[in-house]
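Grab your viewer and work through a few exercises. Try each task before you read its solution.

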Amino acid sequence: ARAIIIDTDPSPDDAVAFLMALASPDELEVLALTTVGGNVPLALTTRNALMALELAGRGDVPVYAGAAGPLVGALRTAEHVHGATGFDGYDLPPPSLTPAEGFAPDRIVDLVMARPRDSVTLCGLAPLTNIALAMLREPRLAGHLHGIVLMGGARAEGGNITPAAEYNIHVDPEAAARVFDSGVPITMIPLDCTHRALTTAARMARLRAIGTPLAEAFYHLLTFNKRFDARQGGTDGGPLHDPTVIAALLRPDLFSGRLAHVGIECQGTLTRGMTVIDWRSVTGRHPNALVLNRVDAEGYFDLVIERLSRFGIG
Ligand code: BDR
Ligand code: CA
């Protein structure tokens, strides 16, 4: 199994992503979850991670809390999407699990460097602050990683937090720039994919029909998000963003894209956090990412539902 560390700011789509990974022990070995301030403040993203693990009966997975806010400036949260707790829409019991000892960027360094070179993949489901801090703390980290697979950015799709920028990159562009310039092989899954992977009523009914407490909880949690996404686009359902990262590891055949150089705009007054993707190689700069721009949405939801159905009735 491939060793991974999942860096996350749980709203429900993040939790679906890490639960899918935990339900896939043949393919993936989850070394840890690391949390960061993002959708909601760090205390809540950490709490949500613990609540989701508890619901899944997976208190064995360590959760390390990391950075409360971006490298530069103040954190911009997204309560307008996920509610005040980041997990609005379904009342889960307060967690009895607690975070593990240690600061997430330090733990990322320790866990990766303790393994052979080229054996650990980082999964980025959130602003890239923890990953950038880990690289700053250990300059050899980048050369030691197998790669980074992340949900973030947008190519032709435009942004979701500003007209130009996607949320995870916009919140900490300086961190994203460090990560994209690090030399680590990156697989980037932008809004161009996730806006085509919608939680339609039909797919949500399939999720609910699994019939477990976990499926019922996520049915409601994901339906809460849908209210915001429906206001934005008038679509049947909202994007299920972050599980694309795990799906791309489990089933790369569900995606297509191309290698390209991705620059991160850290200056622009209108475009801060924009991913400037050299799709046609006009700069001649060496590609630093595999940018996925198409997903087989039906196959993706089949996979999500199949993996979530592996959690029993608790
Ligand atoms: C990203 O922002 C978060 O709200 C989602 O979990 C995802 O990581 C999408 O822009
Ligand atoms: Ca996220």
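The model is predicted, so to speak with care: local features need pLDDT of at least 70, side-chain atom pairs count only at pLDDT 80 or more, and totals for chains, interfaces and linings use all residues. Residues are numbered from 1 along each chain as its sequence is written, while chains are lettered from A and ligands numbered from 1 in the order in which they are written.

**Exercise 1.** Find which residues come nearest to ligand 1.

*Solution.* Start with the 15 residues around ligand 1 (C-beta, placed from the backbone, within 6 Å). Nearest are Ser-11, Asp-13, Tyr-167, His-241 and Asp-242. Next, sort the shell: six nonpolar, five polar and four charged.

**Exercise 2.** Find which residues touch the most other members of the largest nonpolar core.

*Solution.* That core is a set of buried Ala, Val, Leu, Ile, Met, Phe, Trp, Tyr and Cys residues joined through C-beta atoms within 7 Å; buried takes 20 or more other C-beta atoms within 10 Å. Of its 92 residues, Ala-21 and Val-245 touch the most other members. Now look beyond four places in sequence: Val-245 contacts (C-beta atoms within 7 Å) Ala-17, Cys-123 and Ile-189, among others.

**Exercise 3.** Work out how the axes of α12 (243–250) and α13 (297–308) cross.

*Solution.* The axes, lines fitted to C-alpha atoms over the stretch in contact, come within 10 Å and cross at roughly 95°. The helices are therefore roughly perpendicular (65 to 115 degrees). Pro-243, Thr-244, Ala-247 and Leu-250 of α12 meet Tyr-300, Leu-303 and Val-304 of α13.

Notes
Ala, Val, Leu, Ile, Met, Phe, Trp, Tyr, Cys and Pro count as nonpolar, Asp, Glu, Lys and Arg as charged, and the others, Gly among them, as polar. A residue is buried if 20 or more other C-beta atoms lie within 10 Å of its own, exposed if 12 or fewer, and partly exposed in between; C-beta atoms are placed from the backbone. Two residues are in contact if their C-beta atoms, placed from the backbone, lie within 7 Å. Axes are lines fitted to C-alpha atoms, for helices over the stretch in contact, and angles run from 0 to 180 degrees between N-to-C directions. Helices (H or I, at least four residues) and strands (E, at least two) are DSSP runs, numbered from the N terminus. Angles under 35 degrees count as roughly parallel, over 145 as roughly antiparallel, 65 to 115 as roughly perpendicular and the rest as oblique.
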